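This report walks through selected local features of one model. Keep the viewer open while reading.

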Amino acid sequence: MMRKKNNIVVGLTTMNTELLKISVPALGKLCQKFILVIYNDNPMATVSRRQIRKLGYCGDLQIINGVENIGTLRARMAIADAAIRAGNNYPDWFIFCDDDDMLVNLDIPNVSNDNFAIIQNAVIIRHRVCDLLRVMENPSDFDIDGENVELARPHIGFAGTLIRAKVIYGLFGAIQKIMDAIQKIDDGLDWRPPVDAMMWSFTNIFAKHENPDAVPIYMDKINYIKNEIDTPRMKYGRLAHPIRNAVEHYRRALAKYDAAMRTMLDAAALRGDD
């Protein structure tokens with residue numbers, strides 16, 4: 001497929017700013033041109049331009065140091081707001097990255113306007129620090145063994161997926177309207193809310209609500225390396241995952257989030273607010 005130049009925003013969220021030593025050097029090795037927007041969600045730490053430059057990234061850069069912890073969802077929304085307020089050209093695409101993961105490819109095929117997202121593959125590093133260190137040195141140096149290093153083909157999730165900017169801005173506006181409902185569902189969980197899965201589900205619902213012909217497209221190429229070596233059992237005072245029947249608990253939680261989004265969109269359509 002033919003390639004074209006795209007105005008891309010990479011949104012990087014961080015809580016433990018030490019982990020930027022994983023994500024930022026990988027971004028510095030990308031050949032494609034893009035705008036990096038970092039949201040630091042740790043009010044006890046400051047991320048500076050000098051720090052990011054020392055880690056090897058020398059391209060367009062915006063940094064937001066939050067004054068309070070607002071969580072991944074709101075941090076990603078703040079990144080989108082900052083990207084449009086900066087006065088740069090309106091972006092074509094967004095892609096979000098976590099601070100302990102590596103984005104290793106930004107190739108974009110010349111796809112149909114109905115393709116609202118580009119799903120690709122991810123490598124998942126699960127157990128051995130040596131695997132992570134090797135890939136940090138050379139993001140193409142990995143051997144898939146199905147245990148310590150796995151291939152997600154395709155990788156389904158919000159982080160690591162290219163999504164059209166017009167969908168992102170519309171989606172985040174819709175999310176803002178149901179933030180109270182989202183918070184209520186979050187508060188009812190005794191484990192960390194599945195933010196990434198929730199946001200990906202919201203993206204599909206919103207895109208298809210706006211355009212019935214909207215579909216993601218799959219590109220069989222690795223673009224994201226996920227680090228799952230040191231996932232803590234406890235985070236933000238909650239379990240990282242449900243203790244029992246995790247799949248069923250995730251399914252029920254996502255159904256509640258989806259219902260909140262669909263109810264809001266249906267009500268807005270009835271009022272003629274679309």
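The expected span of a helix is 1.5 Å times one less than its number of residues. Helices (H or I, at least four residues) and strands (E, at least two) are DSSP runs, numbered from the N terminus.

## Basis

This is a predicted model: local features need pLDDT of at least 70, side-chain atom pairs count only at pLDDT 80 or more, and totals for chains, interfaces and linings use all residues. Residues are numbered from 1 along each chain as its sequence is written, and side-chain values use heavy atoms, with hydrogens and water left out.

Helix H7 covers residues 195-210. Its 16 residues reach 22 Å from first C-alpha to last, close to the expected 22 Å. Buried means under 20% relative accessible area, exposed over 50%, and partly exposed in between (1.4 Å probe, protein chains only). The buried residues of H7 include Met-198, Met-199, Trp-200, Phe-202 and Phe-206. Ser-201, Thr-203 and Asn-204 are also among them.

Helix H5 spans residues 165-177. Its 13 residues should span 18 Å, and the end C-alpha atoms are 19 Å apart, which agrees. Its buried residues are Ala-165, Val-167, Ile-168, Tyr-169, Leu-171, Phe-172, Ala-174 and Ile-175.

## H6 against H8

The axes of helix H6 (residues 179-187) and H8 come within 10 Å and cross at roughly 165°. H6 is therefore roughly antiparallel to H8 (the class for angles over 145 degrees). Axes here are lines fitted to C-alpha atoms, for helices over the stretch in contact, and angles run from 0 to 180 degrees between N-to-C directions.

Contact means heavy atoms within 4.5 Å. H6 supplies Ala-181, Ile-182, Ile-185 and Asp-186. H8 supplies Lys-256, Tyr-257 and Ala-260. By class, the contact of H6 with H8 has five nonpolar, no polar and two charged residues.

Pro-154 lies in the loop between strand S7 (149-152) and strand S8 (162-164). The peptide bond from Arg-153 to Pro-154 is cis, with omega near 0°. Most peptide bonds are trans.

His-155 is in the loop between S7 and S8. His-155 counts as buried because its relative accessibility is 8%. Beyond its neighbours within four places in sequence, His-155 contacts Ile-119, Gln-120, Asn-121, Ala-122, Thr-161, Tyr-224 and Lys-226.

Asn-245 sits in the loop between strand S11 (238-239) and helix H8 (246-271). It has a positive phi of about 50°, although it is not a glycine. Most residues other than glycine have a negative phi. Asn-245 is exposed, at 59% relative accessible area.

How values were computed: Angles under 35 degrees count as roughly parallel, over 145 as roughly antiparallel, 65 to 115 as roughly perpendicular and the rest as oblique. Ala, Val, Leu, Ile, Met, Phe, Trp, Tyr, Cys and Pro count as nonpolar, Asp, Glu, Lys and Arg as charged, and the others, Gly among them, as polar.
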